[in-house]
Amino acid sequence: MSQEAHEAHEPETPHLDFAGTTPYEDYVRADVLTHLQHPLSDDPGEMVFLVTTQVMELWFTVIVHEWETATKALRSDDVPVAVDALKRSVRELEALNASWRPLSQLTPAQFNSYRSALGEGSGFQSAMYRRMEFLLGEKSASMLVPHRGAPRVHAELEKALHEPSLYDEVLRLLARRGHLVPDEVLNRDVSLRYEPSPAVEEIWTALYQGDQNAELARLGEALTDVAELVWRWRNDHLVATRRAMGAKPGTGGSAGVAWLEKRARKNVFPELWTARSHV
């Protein structure tokens, strides 16, 4: 085959000449993302810790977006849109949980080599993770305190604290569909942590005893998928922390492993789990 014929069969060369930055850079802002890393120690392992933590923050951001989309859809009685958003968040939670893998093999000596660079920094100070927890119904006004020095972030968290959670909107939907959700559940102070209700457990039990393909049963399963992966996130965090630092106090003054163990014991959307014992 001649050189001319060979070149004729090659894929067309993409456009390479742009004025200024590339359209890819304009959209993704890769140059910004890849220059956000400023290690504070000389240890080469700090870079993976820093990048992994930043990646987690990005996943928190997109998961919050999905759950807020689902919450808004439920408020409008649009269950299919809500379920689609929840299903997307399941894939995103899987990717988020995989972020622990680069950190899961840290020895205490490796972690200690750059731990001092964190100072009082701790994951529980993450505003976007706190918004995730608030959407799950894990409300606590005290968690706004670390953000008092950042007015915009504090205002966003305060707004999220006083808005109905994802699960609150699920329960309101159940009530509109004719299920007997107690008034004390529907009219509760949504700025407080959600507490399980025997009546809500009975509603989920009845839904799971009915048509498994019914819209509300499929919504329940989508929520359960989310809850399971949140539980796995908490447990993976616990294991990675226990491996890296044992039972020492956490950065930022937390109780470290003891705090994480307490968190790992909590079920998200609790009645979806307890109802299964009665089906």
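Contact, throughout these legends, means heavy atoms within 4.5 Å. The model is a predicted one, in which local features need pLDDT of at least 70 and side-chain atom pairs count only at pLDDT 80 or more, while totals for chains, interfaces and linings use all residues. Residues are numbered from 1 along each chain as its sequence is written, and side-chain values use heavy atoms, with hydrogens and water left out.

**View 1**
Let us start with H237, which UniProt lists under "binding site" in an unreviewed entry. UniProt positions follow the numbering used here, feature names are shortened, and annotations may be inferred rather than shown by experiment. H237 sits in helix α12, which covers residues 215-245. Helices (H or I, at least four residues) and strands (E, at least two) are DSSP runs, numbered from the N terminus. Once neighbours within four places in sequence are set aside, H237 is in contact with W100 and L260.

R115 belongs to helix α6, residues 108-115. The relative accessible area of R115 is 17%, so this residue is buried.

**View 1. Helix α5 and its cover.**
Helix α5 runs over residues 79-98, which makes 20 residues. From first C-alpha to last, α5 reaches 29 Å, close to the 28 Å expected at 1.5 Å a residue; the expected span is 1.5 Å times one less than the number of residues. At the start of α5, a side-chain oxygen of D78 comes to within 3.4 Å of the backbone nitrogen of V81. That is a polar contact, meaning a pair of N or O atoms within 3.5 Å; within protein, one must be able to donate a hydrogen and the other to accept it, and residues adjacent in sequence count only if both atoms are side-chain atoms. Which residues of α5 are buried? They are V79, A82, V83, A85, L86, S89, V90, E92, L93, L96 and N97. When reading that list, keep in mind that an α-helix has 3.6 residues a turn, so residues three or four places apart point the same way. The cover over the buried residues of α5 includes α4 (46-75), α7 (127-135), α9 and α12.

**View 2. N97, a buried polar side chain in α5.**
Zoom in on N97, which is found in helix α5. N97 counts as buried because its relative accessibility is 9%. Where does the side chain of N97 reach? It meets the backbone oxygen of L229 at 3.2 Å. Apart from neighbours within four places in sequence, N97 is in contact with L229, R232, W233 and D236.

**View 3. Two loop residues with positive phi.**
Most residues other than glycine have a negative phi, and most peptide bonds are trans. D77, in the loop between α4 and α5, has a positive phi near 65° although it is not glycine. At 35% relative accessibility, D77 is partly exposed. F269, also a residue other than glycine, has a positive phi near 55°, and F269 lies in the loop between α13 (257-264) and α14 (270-274). At 2% relative accessibility, F269 is buried.

**View 4. The whole chain, for orientation.**
Stepping back, the chain holds 14 helices and zero strands. Its C-alpha atoms fill a box of roughly 75 × 55 × 35 Å along the principal axes. Of the 279 residues, 42% are buried. Among contacts between residues at least 6 apart in sequence, 71% join residues at least 24 apart.

**View 5. Confidence along the chain.**
The mean pLDDT of the chain is 90, and 93% of its residues reach 70 or more; pLDDT is the predictor's confidence in each residue, from 0 to 100. Which elements have the lowest and the highest mean pLDDT? Helix α1 (residues 3-9) has the lowest, at 56, and helix α9 (residues 166-176) the highest, at 98. Where pLDDT is low, the predicted coordinates should not be read in detail.

Terms used: Buried means under 20% relative accessible area, exposed over 50%, partly exposed in between (1.4 Å probe, protein chains only).
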